[in-house]
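Please open the model in your viewer and keep the selection tool at hand.

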Amino acid sequence: MCPSEDKYTDEGRMEESSPSKAVIPLAIVTVVSVVCMCATAIVVATQDNGSASAPLGSGSGLSNLNVILNVGDTDFATRGPPAGDNPCAGKKLDLPNIECINDAIDGKPQAGANVTKGYKGDMEVDVEPIDKPYWQSGLCPVNVHWHLGAEHYSLGEYDEAGKGPAADEKDDDHRRLAEEARLGYQCRHYDENDARFAMPYEWKHCVGMKVGETYEVHWPHSAAGSCGTVNQYQTPFYDGVFCNLDMDTLVTLGAQDIANNVGVQAQVFTIVNDETYYYPDLMRGMVVDGAMGSDIAYYTGSTTGTSRDNEKCSSYAPITWQVDRKCHKISASSFDQLCADMKSQRDDMSDDLYAHGSRELVADEWAADNGKLL
């Protein structure tokens with residue numbers, strides 16, 4: 001119990017009822033007072049453990065204000081901002097797929113392509129990709145999503161020699177999504193005898209993900225996004241890309257204008273159950289750390305996804321692609337943190353919490369010849 005305040009004199013001594021007086025240094029009195037104040041605050045903050053909030057008393061002058069006394073199991077990790085208008089909702093511009101023939105696809109190179117160092121496609125283009133970080137060109141990330149396996153091809157990294165875990169019959173979500181989603185190329189990291197690739201992870205936010213599997217993550221960027229606001233991240237990503245761009249303006253833009261203002265970062269990972277490989281902020285874009293994000297292929301292509309192949313091509317082109325040629329290990333918890341961050345956005349990103357199917361590798365004739373060796 002703390003001594004009563006009226007026991008102290010202005011000289012920092014405690015007055016006793018007995019004739020003798022115990023002298024207590026002022027410094028000790030100060031420490032005792034601070035400790036008591038902290039203890040009182042702790043009691044106030046925890047005395048109503050069962051309540052999420054409670055109104056302040058009328059004597060406080062703030063009787064209509066609720067304050068959180070104890071959050072208990074409240075999950076702030078996925079709590080979004082207050083509800084509000086989303087100016088990007090429904091802003092996707094409808095550009096239907098086209099036949100992959102020279103007349104129709106002229107000037108619209110496709111993705112994902114071969115990004116092995118030294119590779120160039122056969123389609124002649126006069127457009128150059130952005131070859132510096134997107135933020136330096138005024139673009140911001142407007143979405144993040146990933147594909148089962150790699151849509152791109154990098155010899156020796158993610159290619160036909162890569163492998164991953166067989167579908168686990170007990171893992172219903174993963175099996176169902178794997179059956180629905182086309183598997184792309186896989187990395188060469190997987191080792192079924194290494195616990196890091198085999199030990200299950202208890203996913204709390206991502207859906208249908210699996211340790212040991214390869215995923216290609218995409219971060220679409222746009223200069224027409226709602227950059228720097230609570231509406232920056234959108235699902236579908238087209239809403240974010242076209243948030244501040246209408247069709248009347250789009251048709252006035254040249255091919256180079258489009259490639260200068262819309263781009264995608266891509267990075268390929270194998271998931272491991274090992275916290276050594278934890279990266280907490282996949283929401284913002286490609287991981288750049290040491291070998292990660294250091295060997296980049298730059299080229300112009302299109303949007304991807306399984307509605308396109310080498311017969312049906314995307315009209316959303318040309319856009320810049322910046323693709324990490326290397327495959328990297330990353331912890332399952334990194335992805336789960338990403339999914340938690342996605343849940344905390346104002347726009348509903350639940351349709352991107354699982355892996356999408358991978359487009360088949362773009363044929364040489366539909367791949368641009370402007371790949372840069374940087």
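Select Pro318, which is found in the loop between β11 (312-313) and β12. The structure shown is a predicted model. Display the backbone from Ala317 to Pro318: the peptide bond that joins these two residues is cis, with omega at about -5°. In general, most peptide bonds are trans.

Where is the next stop, Gly112? Gly112 lies in the loop between α2 (102-105) and β4. A cis peptide bond joins Ala111 and Gly112, and omega is about -5° here.

**The disulfides**

Now select the cysteines and show their sulfur atoms. How many disulfides does the structure hold? The structure holds 5 disulfides; the tour visits several of them.

Begin with Cys88 and Cys243, which are joined by a disulfide with an S to S distance of 2.1 Å. The angle about the S-S bond is -75°, and the link of Cys88 and Cys243 is left-handed. Cys88 belongs to the loop between β2 (66-67) and β3 (98-99), while Cys243 belongs to the loop between α5 (237-241) and α6 (247-250), so the pair ties together parts that are 155 residues apart in sequence. Are these two cysteines buried or exposed? Cys88 has a relative accessible area of 0% and is buried. Cys243 is likewise buried, with a relative accessible area of 3%.

With -80° about the S-S bond, the link of Cys140 and Cys227 is left-handed. Cys140 has a relative accessibility of 8% and counts as buried, whereas Cys227, at 32%, counts as partly exposed. The reasoning is one of cut-offs: buried means under 20% relative accessible area, and partly exposed lies between that value and 50%.

The next selection is Cys206 with Cys339, whose sulfur atoms are 2.0 Å apart in a disulfide. Which hand does this disulfide have? The torsion about the S-S bond of Cys206 and Cys339 is about 100°, so the disulfide is right-handed. This pair links distant parts of the chain, 133 residues apart: Cys206 is in the loop between α4 (195-198) and β8, and Cys339 is in helix α8 (residues 332-343). Both Cys206 and Cys339 are buried.

Remain in this region and select His205, whose place is in the loop between α4 and β8. His205 counts as buried, at 14% relative accessibility. Show the side chain of Lys343 as well: the side chain of His205 makes a polar contact with it, at 3.3 Å.

**The largest pocket**

To find the largest pocket, select Phe237, Tyr238, Thr303, Arg308 and Tyr316, which lie nearest its centre among the 43 lining residues. About 800 Å³ of space lies in this pocket. Then colour the elements that give two or more residues to the lining; they include β5 (145-148), α7 (255-261), β9 (262-272) and β12 (319-331). Which element gives the most to the lining of the largest pocket? That element is α7, with 4 residues.

**The largest cavity**

A search of the whole structure finds 2 cavities of 30 Å³ or more. The largest cavity has a volume of about 120 Å³. Select Asn114, Val115, Tyr119, Tyr299 and Gly371, the closest to its centre of the 16 residues that line it. Next colour β10 (296-301) and β13 (372-373), each of which supplies at least two residues of this lining. The largest share of the lining of the largest cavity comes from β10, with 3 residues.

**Confidence in the model**

Finally, colour the chain by pLDDT. The mean pLDDT of the chain is 84, and 75% of its residues reach 70 or more. Select residues 3-54: the pLDDT over this stretch is below 50, and beyond near neighbours in sequence the stretch has 40 contacts in the model. Residues 68-72 also have a pLDDT below 50, with 14 contacts beyond near neighbours in sequence. Where pLDDT is low, the predicted coordinates should not be read in detail.

Conventions
Residues numbered from 1 in each chain as written. Predicted model: local features only at pLDDT ≥ 70, side-chain atom pairs only at ≥ 80, totals over all residues. Heavy atoms only, no water. Disulfide = S-S within 2.5 Å. Buried < 20%, exposed > 50% of the residue type's maximum accessible area, 1.4 Å probe, protein only. Polar contact = N/O pair within 3.5 Å; in protein donor to acceptor, adjacent residues only side chain to side chain. pLDDT = per-residue confidence, 0-100. Contact = heavy atoms within 4.5 Å. 1 Å grid on protein atoms, 1.4 Å probe; cavity = no way out; pocket = protein on both sides within 12 Å on 5 of 7 lines; lining within 4 Å. Points joined across faces, edges and corners; volume = space filled by probe spheres on them.
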